[in-house]
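Have a look at the model first.

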Amino acid sequence: MKYFTARSCFALFTIALGLGSTSCHRYFSPQGQAYTQLQIDSTLTGDPSFVRLYAPYRLKLEAEMSRVVGHTDVDLTKPSNVPETRLGNFFADALLAEGKKLYPDAEFSFGTKGGLRMELQKGDITVGKLFELMPFENELVLLELSGENIEQLAQFIAATGGQPVAGLRMQIKDGKATGITIGGKPLNPSRTYKLITYDYLANGGDNSRGLNNPVSRINLGQKVRDALITYVSEQARAGNHINTQLDERIIRYQ
């Protein structure tokens, strides 16, 4: 099944094993050693009793994953050789919009290209496609950053050839960040700014810089994936299609 992950299959397998267990003990101790190699390929047939066990859940899952939540009028792609992409802009715009619902004074958002695992082609956007785009359990985080923190973050963005951002604009010259603005105003080294990102990056993931020593941090308790679903769904209810364009929020000079 397309949307079963290895973890979910293992969990279901564990549950099935637990149904047949009569032990009252929480822990088990090995009584011997044995090794059997099991080949998992097209010759492996399903156990009818196991298939019957998960079939009702599979039908519900497939129905939910196929549910259309919105529509994009353009291909949301992420070419690797450009500093700004439609997919990255869509993602960062969604993060900022959803973060602002809880903290209206949030000023910009940041993600990484590597965290976006698939492109969205022109047409309907389903729950399943957004799960594939962001298959991780990452949660939104609000970070209050100093001007120095943001300078470090901007240099990381420049060194990596551009990353998804919203509310922040900059240029890349000779691999360095210049002309950094937030909310249309030049970066002020003496003040702090509020960033919407997610816990993986806030914890140092993707070798990000500038996020590890914030002035303050608030975990928002919302999965990034759920934020994307909400954002697209609300756009659709308002009669809007996703039509993200490139707007030169990051310009790279050769």
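Among contacts (heavy atoms within 4.5 Å) between residues at least 6 apart in sequence, 79% join residues at least 24 apart. Keep in mind that this is a predicted model, where local features need pLDDT of at least 70, side-chain atom pairs count only at pLDDT 80 or more, and totals for chains, interfaces and linings use all residues. Residues are numbered from 1 along each chain as its sequence is written, and side-chain values use heavy atoms, with hydrogens and water left out.

As for secondary structure, the protein has seven helices and 11 strands; these are DSSP runs numbered from the N terminus, helices being H or I with at least four residues and strands E with at least two.

The protein has 254 residues, and 37% of them count as buried. Buried means under 20% relative accessible area, exposed over 50%, and partly exposed in between, using a 1.4 Å probe and protein chains only.

Now for the backbone. Asp 174 isn't a glycine, yet its phi is positive, and Glu 248 is another non-glycine with a positive phi. Here they are side by side:

| Residue | Phi | Loop between | Relative accessibility |
|---|---|---|---|
| Glu 248 | about 65 degrees | helix H7 (224–237) and strand S11 (250–253) | 55% |
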